[in-house]
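Subject: Structure for your review

Dear colleague,

Please find the structure below, together with its sequence.

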Amino acid sequence: MDSRLLAVAVLAAVLVPLPLLATPAERQSEAVERYMEHVRFLASPEMRGRGPGMPELDEAADYIAGRFRELGLQPAGDDGSFLQPFEVTTGANMGQGNSMRVERPRGVSELEVGKDFIPINFSASGEVEGEVVFAGYGASAEELGYDDYFHFDVTDKIVLVLRYEPDFFREEDDGEGDRGDSERGRRYTRHAHLIAKAIQARNRGARAVLVVDGRTRGRSRDRLIRFGSVSGPTDAGIPMVQVRREVAERWLRGSGRSLRLLRRDIEESRRPQTFNLASSLRIRLSVDVEHERATVSNVAAYLPGSTPDYVVLGAHYDHLGLGGENSLSPSSVGKVHPGADDNASGVAAILEFARTRSARGEEPRHGLLFLAFAAEEIGLLGSGHWVDNPTLPLENAVAMLNFDMVGRIQNRKLYVGGVGTAGPFADLVEQAASEHELKVDKSRSASSSSDHTSFSAKKIPVLFFFSGLHSDYHKPGDTPDKINGEAAVDLLGVADRIVHGIEALDDRLAFVDKAPESGHGRPSGDGASSGGYGPWFGSIPDFGEVPSGVKFADVRTGSPAALAGLRGGDILTHWNDAPITNLYDFTYALRDSEVGEVVRVRVLRDGEEVRSEVTLAERP
């Protein structure tokens with residue numbers, strides 16, 4: 001060989017990137033190490049669980065943006081940056097104005113916050129004063145033939161209710177109960193939830209709700225609920241506090257009653273035991289709950305294609321921080337919840353996918369938009385904000401692939417949801433999984449408590465990749481050492497094959513709008529829009545924050561809501577004249593309704609009130 005040609009050949013060999021010279025096994029190993037490097041950083045103890053409003057969440061956003069920048073991707077956030085900032089409510093604190101003044105014939109006493117009483121974190125703030133009535137468990141359970149409010153007027157009264165519910169409400173536990181909903185082998189019904197008690201009292205005109213734990217287990221069990229530990233809306237619309245049992249007992253003795261006997265009489269008679277406490281007892285209550293606000297950011301990067309169309313690859317990067325109300329290990333609140341699988345695993349997936357595609361140096365047919373969402377754990381707020389404020393034209397989005405908890409693939413089995421949202425999806429998923437020797441469990445449904453739901457509500461076909469729930473979900477044990485990096489990289493091969501399949505289609509994917517079926521997915525608290533309880537209404541909630549009411553992201557074709565003329569963008573404000581201030585109100589109103597019932601609803605549409613009647617149907 002000519003020496004000059006030999007020199008050129010040697011120089012060319014030196015300049016060829018090492019991954020191209022490496023064996024397939026070596027390239028796989030390098031991809032796994034890159035993937036795990038992302039997971040280890042995002043889920044490190046120093047990142048303190050990446051909770052909304054924490055500085056570590058901003059650090060995670062900067063890390064993700066930095067990786068996109070290194071890959072040469074285009075910024076796709078606001079104002080030419082990789083970030084799309086937005087504001088969220090991240091939590092609540094007790095303010096300085098919490099007090100309770102009790103007037104009795106023996107005199108006036110001041111109760112001490114944190115010792116004698118404590119506000120519930122979703123309590124409304126404000127001052128109230130009035131007489132006190134006892135309303136049993138504060139439950140209205142028509143399906144069980146029991147109603148504490150039947151012929152009992154609590155208008156303008158302060159309502160004292162028992163925590164939990166009567167034993168005869170509950171059925172024997174089937175062994176599948178969730179945390180915190182069972183006691184002595186039984187499962188609590190929805191009537192035991194504190195938010196349900198608040199809604200019932202508020203809708204009947206009460207001024208405030210006082211909750212007391214009436215179980216007789218000794219003084220050591222008379223503990224106040226830890227502030228911030230109860231799931232619920234930002235503001236339930238009524239002041240609500242818990243008082244200690246010994247405090248409530250003093251009030252009841254003035255009326256010749258006791259908690260033990262009241263509980264016994266309810267259980268034995270299976271009838272309410274409601275009454276007005278002595279009129280000489282008056283309470284002046286001040287509740288001060290301060291809501292925390294923070295600015296968080298989605299992270300967005302774009303790899304252009306030869307057409308304006310694009311495929312979204314998304315994953316949320318926030319987690320629980322130090323636990324809070326969403327921790328499934330209440331005793332570990334205050335400890336770092338690393339969130340390695342949920343969802344450092346998904347973020348690592350889109351980063352490695354972006355690296356692989358950008359390194360090829362080829363222009364894809366469809367652009368690739370990489371989105372790392374904030375505030376998923378507090379209500380899909382990041383993805384909801386993006387679809388309402390898209391940084392690329394939403395009509396050009398061909399499909400959305402969501403990676404949420406993909407780090408613990410076991411026995412080569414992968415769960416993929418949303419295959420029913422586009423006709424070709426089922427075959428594309430099956431073929432791609434087969435090529436990479438993964439077993440796939442498919443679900444047609446796009447309904448789940450993860451970010452793809454925000455896109456399907458906009459009629460964009462979605463696929464949801466998920467490796468399954470595990471015992472470390474939302475606990476401090478969700479650590480990087482338990483992540484199966486090899487299988488996660490294989491999943492990326494499946495996703496890459498699916499994206500190629502979408503690009504190869506002659507026709508653009510058409511969204512298939514069908515009612516959801518049950519299927520695999522992360523737990524969802526959205527009883528009002530999907531899944532198992534009560535009759536069918538047919539709306540899909542928009543999880544973005546509105547001052548009051550429930551905003552519909554969309555209304556399902558052929559559903560009762562659609563037949564009544566309701567639309568996406570409507571804000572539901574009333575249900576049979578009862579106010580709907582949040583998703584919990586809507587959920588409980590729907591669950592208390594029946595198939596075939598005609599419900600009068602009011603919605604706000606472009607600032608104008610629209611009234612309609614919805615005939616509820618059986619769930620399809």
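Two rings of Phe, Tyr or Trp are taken as a pair if their centres lie within 6.5 Å. By this rule the count comes to 18 aromatic pairs in this predicted model.

**Aromatic pairs**

One of these pairs is formed by Phe 41 and Tyr 63: the ring centres are 4.1 Å apart and the planes meet at 15°, so the pair is stacked. This pair links distant parts of the chain, since Phe 41 belongs to helix α3 (residues 24-42) and Tyr 63 to helix α4, 22 residues apart. Phe 41 is partly exposed, at 27% relative accessible area, whereas Tyr 63 counts as buried, at 12%.

A second example is the pair of Phe 552 and Phe 586, which is tilted because the planes stand at 45°, with the ring centres 6.3 Å apart. Here too, distant parts of the chain are linked: Phe 552 is in strand β24 (residues 550-555) and Phe 586 is in helix α14 (residues 583-591), 34 residues apart. Phe 552 is buried, with a relative accessibility of 1%, and Phe 586 is likewise buried, with a value of 1%. Both residues belong to one aromatic cluster, together with Phe 537 and Trp 575.

**Charged residues**

Side chains of opposite charge can pair when their charged atoms come close. In the whole structure, 32 salt bridges were found. Among them is the bridge between Arg 40 and Glu 33, whose closest N and O atoms are 2.5 Å apart. Arg 40 is partly exposed, with a relative accessible area of 38%, and Glu 33 is also partly exposed, at 43%.

Asp 213 and Arg 215 form another salt bridge, with the closest N and O atoms 2.8 Å apart; both residues are buried.

A further bridge joins Arg 605 to Asp 570, again with 2.8 Å between the closest N and O atoms. It links distant parts of the chain: Arg 605 is in strand β27 (residues 598-605), while Asp 570 is in the loop between α13 (560-563) and β25 (571-575), 35 residues apart. Arg 605 is buried at 17% relative accessible area, and Asp 570 is buried at 1%.

Salt bridges also link Asp 577, Arg 600, Arg 602, Glu 609 and Arg 611 in a network.

Finally, a patch of negative charge on the surface is made up of Glu 46, Asp 58, Glu 59 and Asp 62. Asp 62 is located in helix α4 (residues 55-70).

Yours sincerely

Technical notes
Residues are numbered from 1 along each chain as its sequence is written. This is a predicted model: local features need pLDDT of at least 70, side-chain atom pairs count only at pLDDT 80 or more; totals for chains, interfaces and linings use all residues. Side-chain values use heavy atoms; hydrogens and water are left out. Patches are made of residues with over 30% relative accessible area and no salt bridge: like charges are joined within 9 Å, nonpolar side chains (Val, Leu, Ile, Met, Phe, Trp, Tyr) within 5 Å. Accessible areas come from the Shrake-Rupley method with a 1.4 Å probe; for residues, only the protein chains shown count as cover. A salt bridge is a side-chain nitrogen of Lys or Arg within 4 Å of a carboxyl oxygen of Asp or Glu. Lys and Arg count as positive and Asp and Glu as negative; His and the chain ends are not counted. The place of a charge is taken as NZ of Lys, CZ of Arg, CG of Asp or CD of Glu. Helices (H or I, at least four residues) and strands (E, at least two) are DSSP runs, numbered from the N terminus. Rings of Phe, Tyr and Trp (its six-membered ring) pair if their centres lie within 6.5 Å; planes under 30 degrees apart count as stacked, over 60 as edge-to-face and the rest as tilted. Buried means under 20% relative accessible area, exposed over 50%, partly exposed in between (1.4 Å probe, protein chains only).
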